[in-house]
Amino acid sequence: MDRAAKVKQYTQKRKKNYGTRSSQLQAAGIPKAGLFALILSAAALAAVLSLLLQHKSGESDLTYVTGEEFASMLSFLTEDLPEEWTKKPDSFLTRSQMKEFVQTAGLSGAIPLTGGNDKMERAEVMNCYRQILDLLDLGGSVKKKTLLMLSQDGTVLKTQEGDFQIKAGPVKLKPFYTYQAYCMEQTVLGIDSESEKTIALKNVQVQNVTDSKTEFLFEKQEYEILCKDTGALSPGSSCTLCIKGGRVTKVKDIKQPERAKAQKSDETAEKLPETVKVLLLNQGNVHYDQVNLKCDGNYEITKNKKKTKYRPSDRIQVKKLKLKKGKSITVNPLKQDSRLFLTDQSGSEISKGYLGSMTIYRDAEGYYIVNKVPSEKYLYSVVASEMPSSFGAEALKAQAVCARSYLYRQTASNDYSEYHAQIDDSTNYQVYNKSDVSAEDIAAVEETAGEVMYVNDEIVNAYYFSSSHGYTSSMEIWNQDEAAYPYLKSKSLMKSKQEGRKKDLSDEKVFKDYIASAKHDAYDSSSRYYRWKAEVELSADVKELKQRISQRQKLNPDNFTFYLQSGKKRKKTDSMKGFGGVKNMYCSKRGSSGAVLELVIQFEFGKAVIKSEYNIRYIIGCAMEKITYADGTQDTSVRFLPSAYFSIDFNKKSKRYLLCGGGNGHGMGMSQYGAAGMNAEGWDYRKILKFFYNGAQIKKVY
């Protein structure tokens with residue numbers, strides 16, 4: 001909105017509100033025209049606020065107010081702030097500057113000020129600001145909110161009320177402290193003060209507990225916080241954390257861990273949900289700028305409880321339905337077997353067909369889509385998207401039971417409740433609706449209808465992956481307690497009885513000899529990923545390497561340790577600041593199945609110790625130049641390592657690290673290529689599942 005439009009907007013609001021305030025303003029000596037002097041004369045304000053540049057700050061607390069923050073606080077008046085306001089944002093506001101500002105705005109009669117060039121404390125500035133809002137923000141666009149600051153990444157604040165943009169600096173807000181903030185929608189204009197209010201953070205998922213701290217998941221983000229009483233918490237439980245002053249003061253509404261919930265009879269299992277709500281991602285993002293759709297049958301759209309019917313030839317542009325923020329529409333096919341399609345603006349299909357209904361929501365960031373579909377029909381598409389039908393009927397059935405078991409465990413966590421969904425359609429959960437459904441896929445789901453795997457009355461967390469290097473792994477690859485998942489054991493996929501004996505591949509030389517050979521006859525050795533070789537150049541882009549390490553470290557700090565080194569001295573540090581360039585990379589700990597459990601990247605003046613297979617694959621992937629697969633094909637575009645089962649050598653001539661590896665995926669649970677090999681050997685799906693999941697029993701839940 002340009003300045004003229006802004007003035008017009010405020011003028012219209014003023015006409016509605018001015019009658020109740022006119023006498024107050026005139027009594028204070030403010031002429032009617034003076035009320036809008038600030039809006040109409042940005043140049044005059046620029047001259048006033050340029051004085052803010054004279055005083056430099058040395059503090060980053062809430063004692064004073066900087067020029068940048070004050071400019072941000074006034075941004076409700078105009079979209080085009082003078083550039084001079086923020087050239088030197090670390091200046092502080094003085095009494096004389098505030099006085100001159102108030103005079104320029106024509107508010108002297110209402111806001112009397114005295115004093116010289118001493119800095120104004122924040123409480124005094126905010127007192128003036130409240131009066132400025134009362135006199136100039138007639139539309140009430142600026143709201144005062146109480147925000148719990150969870151974390152800050154640049155200009156983005158994560159709070160209990162979602163993400164906020166913050167325009168002002170250089171104030172550093174403390175994690176898990178509460179603040180009174182002035183906001184316009186999802187933007188923080190300024191901080192009034194630190195608050196003594198306790199904020200209740202609801203529906204957090206406890207990840208880990210120590211004597212004084214708890215790690216938890218909130219809105220899919222991981223956090224660690226000091227906790228007064230951790231005795232009542234256990235990993236897997238959900239609860240409400242009452243937070244004040246950087247720590248948990250009280251824990252409420254504790255719900256038992258998912259495992260305990262699952263340890264019930266089949267009678268309880270019959271109550272498991274028959275439908276699932278899937279968030280349809282837009283190339284990995286939640287939101288869409290626009291949504292177009294159609295149906296291959298008659299359908300209806302419900303908006304504000306009003307239903308409108310459409311024919312198959314009718315294509316809907318949701319934008320034209322004028323959906324307001326915070327509202328939604330639901331699209332329902334009139335026949336159960338009809339499918340909904342996302343389209344481009346010309347009406348061409350850009351998705352596979354979706355069974356069930358779609359609800360399109362609109363919020364401040366755009367549109368998002370949730371597909372509500374019967375669980376069994378959801379599984380049609382999961383099986384089709386996760387496994388080729390050529391793998392065979394019994395392998396497909398095994399996949400269907402895995403997918404159903406995994407679905408029930410994942411929907412219980414309700415990770416996407418803020419988006420009215422339970423899971424998404426990506427590899428974050430299970431790939432959904434990315435391949436055409438075949439008759440074989442439908443048969444696999446229907447012939448195993450309602451079947452899930454149990455171990456000790458607990459639904460199995462049925463992890464699966466593409467192909468192995470000859471062995472599967474346990475929870476050690478994720479740096480988690482193996483005893484909590486007794487059904488996930490390391491298995492040998494070798495066909496011969498002699499080779500089928502489980503080897504301990506934790507020894508570096510034993511693993512290197514094993515992985516260098518591709519002669520082993522395993523059930524999944526037909527995969528081109530069974531053996532691969534990758535060339536890695538760590539020194540080419542050290543900046544990206546460090547960025548990836550820092551990014552993952554923020555998400556799961558327990559899997560990272562940084563050491564700053566000077567000569568023989570070494571000490572732990574919180575960041576890689578001053579580490580310099582890369583000197584070396586090696587495996588410092590290897591699992592019994594051969595996975596790299598700890599990777600060390602040695603820098604000139606420090607080192608990073610990295611745990612967990614995903615972190616390792618993601619971080620090294622950015623430096624991978626070329627990968628060669630078992631079938632001789634090569635790829636130079638891949639930026640994610642296929643697995644964490646690899647040996648490391650360094651070629652001094654090429655100055656490249658040479659990784660000799662095998663497998664594709666995390667390596668835990670069922671190998672899909674392995675299931676295909678077992679299918680070819682005549683195994684039925686029950687035998688396949690019992691092989692991969694120790695002690696598993698297959699039960700019908702409906």
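Contact means heavy atoms within 4.5 Å. The legends below describe a predicted model, in which local features need pLDDT of at least 70, side-chain atom pairs count only at pLDDT 80 or more, and totals for chains, interfaces and linings use all residues. Residues are numbered from 1 along each chain as its sequence is written, and side-chain values use heavy atoms, with hydrogens and water left out.

View 1. Helices (H or I, at least four residues) and strands (E, at least two) are DSSP runs, numbered from the N terminus. The protein chain has 702 residues, and 50% of them count as buried. Buried means under 20% relative accessible area, exposed means over 50%, and partly exposed is in between (1.4 Å probe, protein chains only). Take the contacts between residues at least 6 apart in sequence: 65% of these join residues at least 24 apart.

**View 2. Leu396 sits in helix H10, residues 393-413.** Leu396 counts as buried because its relative accessibility is 1%. Which residues does Leu396 contact, leaving aside neighbours within four places in sequence? They are Val383, Met387, Pro388, Ser389, Glu440, Asp441 and Ala444. Ala443 is 47 residues from Leu396 in sequence. In space, the two are 8.9 Å apart, C-alpha to C-alpha.

**View 3. Helix H13 (residues 542-555) crosses helix H14 (residues 613-621).** Their axes come within 9 Å and cross at roughly 160°. Axes are lines fitted to C-alpha atoms, for helices over the stretch in contact, and angles run from 0 to 180 degrees between N-to-C directions. The crossing angle therefore makes H13 roughly antiparallel to H14. Angles under 35 degrees count as roughly parallel, over 145 as roughly antiparallel, 65 to 115 as roughly perpendicular and the rest as oblique. H13 contributes Leu545, Arg548, Ile549, Gln551 and Arg552 to the contact. H14 contributes Tyr614, Asn615, Tyr618, Ile619 and Gly621.

**View 4. H14 is mostly covered.** How many of its nine residues are buried? Eight are. Among them are Glu613, Arg617 and Ile620.

**View 5. Cys227 and Cys183 are cysteines to look for.** Cys183 has 0% relative accessibility, so it counts as buried. Cys227, at 5%, therefore counts as buried too. A disulfide is a pair of cysteine sulfur atoms within 2.5 Å. A search of the whole structure finds zero disulfides.
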